[in-house]
Amino acid sequence: MNVSLVPDEIMQQEIRPLLAVDIIEQLHRQFALLSGGRGKDGAPIIIFPEYSSFSEVPEEDFLNVVTYLTSIPSLDAASIGFIIVMDRRKDKWSSVKASLSRIAGAFPGNLQLVLVLRPSRFFQRAISDIGFKMHKDDFKMKVPIVMLNSLSDLHSYVDKGQLTRELGGSLEYCHSQWIHHRTAVENFAMTVKTTAQMLQRFGSALAETELPNDVLCTKDLLTAHTDKHTNLKDELKIALKQGTTLLGCIKEQAAKSENHQLNPDEVENQTTVERLLAQLDETENAFEQFWCKHHLKLEQCLQLRHFEQDFREVKVSLDSLMDSLTGLSDIGDCVARVEYLLKELKTLEEKALPTLEKAQLHALHGDQLIQSDHYAVDSIRPKCVELRRVSDDFSNESNKKTDVLSKSLQIHMGIDKVNQWCESGIYLLASQAVDRCQSQEGAESALTDIERFLESAENTELTELRNLHNQYEVVLSEDIKANVLKALKRLEDVQEMFQKRHVSLKRLSAKQTRPVQPVAPRPESSPKRPPLKTPPRTTGAQQPLARRASDNTNSGKPPVEADPKKKNIRKAKGGIKIEVMHEESQGGSTHVVVTSETAESLSNRRRYGQKSVLCSHAVLHLTVISLY
């Protein structure tokens, strides 16, 4: 990825092959200098001041200094051509000739004019005139060479304001200060370029960085890049401080006096520093923009890795909860079991609550990442959907199981109610003593108990079990359905028993109000004794049982075997027979008529002949109700 963090001008800027620091010793010799003066057309002026050892300057040093000086002015100024002012007033013609020859052969720039202040001594001046005329063509210069006799002649070519004081001008020039400014400007320019190159390399490295796939590596990468960015920011601050300080020094020189003005080279230095500061500021802004984007992406990457890690943890917890919920597939076979399952389900729901809340919060966090224009929206959105889906699945399945278990609990509680009612009913039927039902009061009391117990069936809503069975049949297991049907069948049987007992007691209660026709006992020997008539069968709800009424008969009588017609004949004291007739038809009642006469009544009957007196000393009408 091609990333541009710095202006092209900085990156493509040619750093001059020679810097002041590279030839600082040669510059300090001051055999050539760039004072900052300009010709009338703006041509830069290079001065070769008086230097007695000029001929001893090595060729390489001379070439380096001249090349460096010609590289300082702007391209526009350099294109006009340089003006050389050579001060050889204290030299000999031989020195002038050597200097001109060296300049002609090694000057790297474009020359416009060469002004030579000839030796001032009369003899050397005369020689220089003759020698120059004779050797003019030997210098191989395509520009005019002007021999000047005095400074006034020089001033006719160059304005005094563009000449140093040594040349009769007013231009302020300090060579040591000039070297200091040059090294500072060049050092700042190098700092700017080096900083720009570091930013460029760092930007390229950031652009080519592959984002890690885990939280730890992402944190480490974010930390490393942030530290590198901080270091580069410090480098930028140092460079900006360096440039600002340098610019202040240059401007301070101009503020020394009201009349002082910066020479063109000083102005060029100021312009250069200002341009470098502007470029550095532009570089910093471009880098910060890129860094903000990169840093945001790293932070979003870290957010994504945290989101993915939390998603995996929550998903594992949700899956585990779903497995536990799926494991609760039993719907119970009794009330205690169903209540235990409901308790287990409640415990699981409470255990799942923090995980479900975390899943919802995590999904909301994902929504926030999406709304914040996260780069990984396509990865985050499906995970939010998945978290909500699994959470809803758990909640729905939990509610469904709660509903099924609640219905199962209602069913089993209904079964228990039915069974308890049936057991209580059977106990009631079994506990009703037959002898208590012989009287009207006892029959009515038993009837009241029966009716009250039947009413309790309505109060306990026993029939609701059938409704529950019909409503919940879809969710019930086959075993529970069988238990329900078994309980309902038992309920029907017991209710039928109660209905039959109810009918029997009603009939018995009604018959107790009729008078019983007494029957006179006849001697056992009477051949014409009519058989005891069997009372008509009843259609009561209870199966008949025969029971002996011990309260009204002598307990000492031996039992009499029943004949095939179910006729029991018992002999009482005094030779009287007691006949008990049993009727076995379903739902009927058996009337037992026991007629007892004393020996005295028999003797009276015999005494008075065929007159018979119906004596009802003791008549007992018993009804025995069978237990179903």
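Strand E2 (residues 44-48) is mostly covered, with five of its five residues buried. Buried here means under 20% relative accessible area, against over 50% for exposed and in between for partly exposed (1.4 Å probe, protein chains only). Strands (E, at least two residues) and helices (H or I, at least four) are DSSP runs, numbered from the N terminus. The model is predicted: local features need pLDDT of at least 70, side-chain atom pairs count only at pLDDT 80 or more, and totals for chains, interfaces and linings use all residues. Residues are numbered from 1 along each chain as its sequence is written, and side-chain values use heavy atoms, with hydrogens and water left out.

Both faces of E2 are covered. Pro-44, Ile-46 and Phe-48 are buried on one side, Ile-45 and Ile-47 on the other. In a regular strand the side chains alternate between the two faces of the sheet.

E2 pairs with two strands, E1 and E3. Pairing requires at least two DSSP bridges between the strands. With strand E1 (residues 33-38) the sense is antiparallel, over three bridges. Leu-33 stands opposite Ile-47 of E2. E1 and E2 form a hairpin with five residues between them. Gly-42, in the turn, has a positive phi of about 90°. With strand E3 (residues 82-87) the sense is parallel, over four bridges. Ile-83 in E3 is the bridge partner of Ile-45.

Helix H14 (residues 464-471) has Leu-465, Leu-468 and His-469 buried. Seen down the axis of H14, its buried residues fall within an arc of 100°, so they line one face of the helix. The arc is that of the directions from the helix axis to the C-beta atoms. The buried residues of H14 pack against helix H12 (377-431) and helix H15 (478-511). Contact means heavy atoms within 4.5 Å.

Two polar side chains were also examined. His-374 is found in the loop between helix H11 (335-371) and H12. At 3% relative accessibility, His-374 counts as buried. A polar atom of its side chain lies 2.9 Å from the backbone nitrogen of Ala-376. Leaving aside neighbours within four places in sequence, His-374 is in contact with Gln-300, Cys-301, Gln-303, Leu-304, Leu-369 and Ile-380.

Glu-288 is found in helix H10 (residues 264-327). Its side chain makes a polar contact of 2.8 Å with that of His-229. A polar contact is a pair of N or O atoms within 3.5 Å; within protein, one must be able to donate a hydrogen and the other to accept it, and residues adjacent in sequence count only if both atoms are side-chain atoms. Not counting residues up to four places away in sequence, Glu-288 touches His-229 and Lys-233.
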